[in-house]
Amino acid sequence: MAETSAPRFSPEQVTVVFLLGGPGSGKGTQSSNLVRDYGFVHLSAGDLLRAEQVREGSQYGDLIKTYIREGKIVPMEITVALLSNAMADSLTAASESEKKSRFLIDGFPRKLDQAVFFEKTVCPSQLTLFLDCPEEVMEKRLIKRGETSGREDDNAESIRKRFRVFVETSMPVVTAFREQDKVVSVEATGGVEDVYARIQEGIEKRGITRV
């Protein structure tokens, strides 16, 4: 059997928080707040994949394009490699005095095998922040966003489909981490500030302090 190598980073070096929630649960808005107040580096798996498609000299670009064009999920090895490299780049870029070693990973892991692979090869996560929001609230928010966003998938049918996919594939991740006592679940209804206050209370109980 092949020897398993240690993860690239240790939890002593870096703090990894996964941010999960259904479409329209407010991940983007709350990410900005957490970056501002807690010094997180925000990494979005989707953004990294989109950027890699067009990066000159990318070893993965064509492969990612093909998968996305065919509507398939990009292999997790590629997504995890991009996240791992982005973390390394961020740590290298920061001077010793301002080392930002907290990473907020948004919309990942989407499936349980991705979570296991990331923790084994990159770094064990400290916690998963789960924005728990009823489907009808998310649907209202996204339909409203669709009036101005121009996003093709901000319509009722697509939203329901995306919600089903989230429940089927991502909720097992939340369940698995909850069993390890690594989930801060926040009710993501009401005003943005109300939700953020709940998030702050939840993560500060787990030892993540403001910077």
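Modeller: Helix H2 (residues 45–54) and helix H4 (residues 76–93) pack at an angle of about 95 degrees, their axes being 10 Å apart. Helices are DSSP runs of H or I with at least four residues, and strands are runs of E with at least two, numbered from the N terminus. Axes are lines fitted to C-alpha atoms, for helices over the stretch in contact, and angles run from 0 to 180 degrees between N-to-C directions. This is a predicted model: local features need pLDDT of at least 70, side-chain atom pairs count only at pLDDT 80 or more, and totals for chains, interfaces and linings use all residues. Residues are numbered from 1 along each chain as its sequence is written, and side-chain values use heavy atoms, without hydrogens and water.

Biologist: How are H2 and H4 oriented to each other?
Modeller: H2 and H4 are therefore roughly perpendicular (angles of 65 to 115 degrees; under 35 is roughly parallel, over 145 roughly antiparallel, the rest oblique).

Biologist: Which residues in H2 and H4 meet?
Modeller: Ala45, Leu48, Leu49 and Glu52 in H2 meet Ile78, Thr79, Leu82, Leu83 and Ala86 in H4, contact meaning heavy atoms within 4.5 Å.

Biologist: Turning to the largest nonpolar core, which residues touch the most other members?
Modeller: Met87, Ile105 and Phe118 do, out of 27 residues. Such a core is a set of buried (under 20% relative accessible area, 1.4 Å probe, protein chains only) Ala, Val, Leu, Ile, Met, Phe, Trp, Tyr and Cys residues joined through side-chain atoms within 4.5 Å.

Biologist: What gives the most to this core?
Modeller: H4, with six residues.

Biologist: And what does isoleucine 105 touch?
Modeller: Leaving out residues up to four places away in sequence, its partners include Leu83, Met87 and Phe118.

Definitions and conventions. Buried means under 20% relative accessible area, exposed over 50%, partly exposed in between (1.4 Å probe, protein chains only).
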